Amino acid sequence: QVQLVESGGGLVQAGGSLRLSCAASGRTFSRYSMGWFRQAPGKEREFVAAIDWSGLSTYYQDSVKGRFTISRDNAKNRVYLQMSSLKPEDTAVYYCAASPQYGPAAKYDYWGQGTQVTVSS
């Protein structure tokens with residue numbers, strides 16, 4: 001069982017930066033790949049970024065490539081999403097999730113409660 005708690009969301013102007021953090025409970029955190037997802041009002045949840053258990057492999061949704069960076073610290077049981085050059089269309093609730101698999105077909109078993117990111121124009 002993995003419990004996830006996101007933090008770091010807030011209100012930022014377009015062009016600004018935010019760093020989201022996801023704290024995981026349990027001693028098996030390093031066995032999971034981690035992902036960030038987001039859901040904007042009236043839209044379906046979408047994938048943002050993922051990182052494998054070691055932190056050596058990552059991949060991103062095309063719209064955030066070059067602007068967002070996912071990373072993890074297994075010693076601290078944390079995964080991060082550094083977001084830069086934010087745009088109003090990045091406004092959403094951001095969720096972290098854990099999966100025993102890695103890759104585009106990975107199924108995520110555990111989810112956090114989400115943190116709101118609002119980007120003003």
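## Salt bridges

Lys-65 forms a salt bridge with Asp-62, and their closest N and O atoms are 3.0 Å apart, where a salt bridge is a side-chain nitrogen of Lys or Arg within 4 Å of a carboxyl oxygen of Asp or Glu. Asp-62 has 62% relative accessibility and therefore counts as exposed; buried means under 20% relative accessible area, exposed over 50%, and partly exposed in between (1.4 Å probe, protein chains only). The model is a predicted one, in which local features need pLDDT of at least 70 and side-chain atom pairs count only at pLDDT 80 or more, while totals for chains, interfaces and linings use all residues. Residues are numbered from 1 along each chain as its sequence is written, and side-chain values use heavy atoms, with hydrogens and water left out.

A search of the whole structure finds four salt bridges. One of them joins the side chains of Arg-38 and Glu-46 (2.6 Å, N to O); Arg-38, at 6% relative accessibility, counts as buried, whereas Glu-46, at 31%, counts as partly exposed. Another salt bridge is formed by Arg-67 and Asp-90, with the closest N and O atoms 2.8 Å apart. Because Arg-67 lies in the loop between strand E6 (58-60) and E7, and Asp-90 in the loop between E8 and E9, this pair ties together parts that are 23 residues apart in sequence. Both Arg-67 and Asp-90 are buried, and Arg-38, Glu-46, Arg-67 and Asp-90 are linked in a network of salt bridges.

## Strand pairing and the disulfide

Strands here are DSSP runs (E, at least two residues), numbered from the N terminus, and two strands pair if DSSP finds at least two bridges between them. E3 pairs with strand E8 (residues 78-83) in the antiparallel sense over six bridges, and Leu-18 has Met-83 in E8 as its bridge partner. Strand E7 (residues 68-73) also pairs with E8 in the antiparallel sense over six bridges, with Phe-68 standing opposite Met-83. The hairpin of E7 and E8 has four residues between the strands, and in this hairpin Asn-77 takes a positive phi near 55°.

The structure holds one disulfide, the term being used for a pair of cysteine sulfur atoms within 2.5 Å. The disulfide joins Cys-22 to Cys-96, with 1.9 Å from S to S, and the link is right-handed, with 45° about the S-S bond. Cys-22 lies in strand E3 and Cys-96 in strand E9, so the pair ties together parts that are 74 residues apart in sequence. Cys-22 and Cys-96 are both buried.

## Aromatic pairs and charges over rings

Rings of Phe, Tyr and Trp (its six-membered ring) pair if their centres lie within 6.5 Å, and planes under 30 degrees apart count as stacked, over 60 as edge-to-face and the rest as tilted. By this rule the count comes to seven aromatic pairs. Among them, Tyr-32 and Tyr-110 form an edge-to-face pair, 5.9 Å centre to centre with 80° between the planes. Tyr-32 lies in the loop between strand E3 (18-24) and strand E4 (33-39) and Tyr-110 in strand E10 (residues 110-111), so the pair ties together parts that are 78 residues apart in sequence. Both Tyr-32 and Tyr-110 are buried.

Phe-37 and Tyr-108 form an edge-to-face pair, with 5.0 Å centre to centre and 80° between the planes. Phe-37, Phe-47, Tyr-59, Tyr-102, Tyr-108 and Trp-111 form one aromatic cluster. Arg-45 lies over the face of Trp-111, at 3.8 Å from the ring centre; a charge sits over a ring if NZ of Lys or CZ of Arg is within 6 Å of the ring centre and within 35 degrees of the ring normal.
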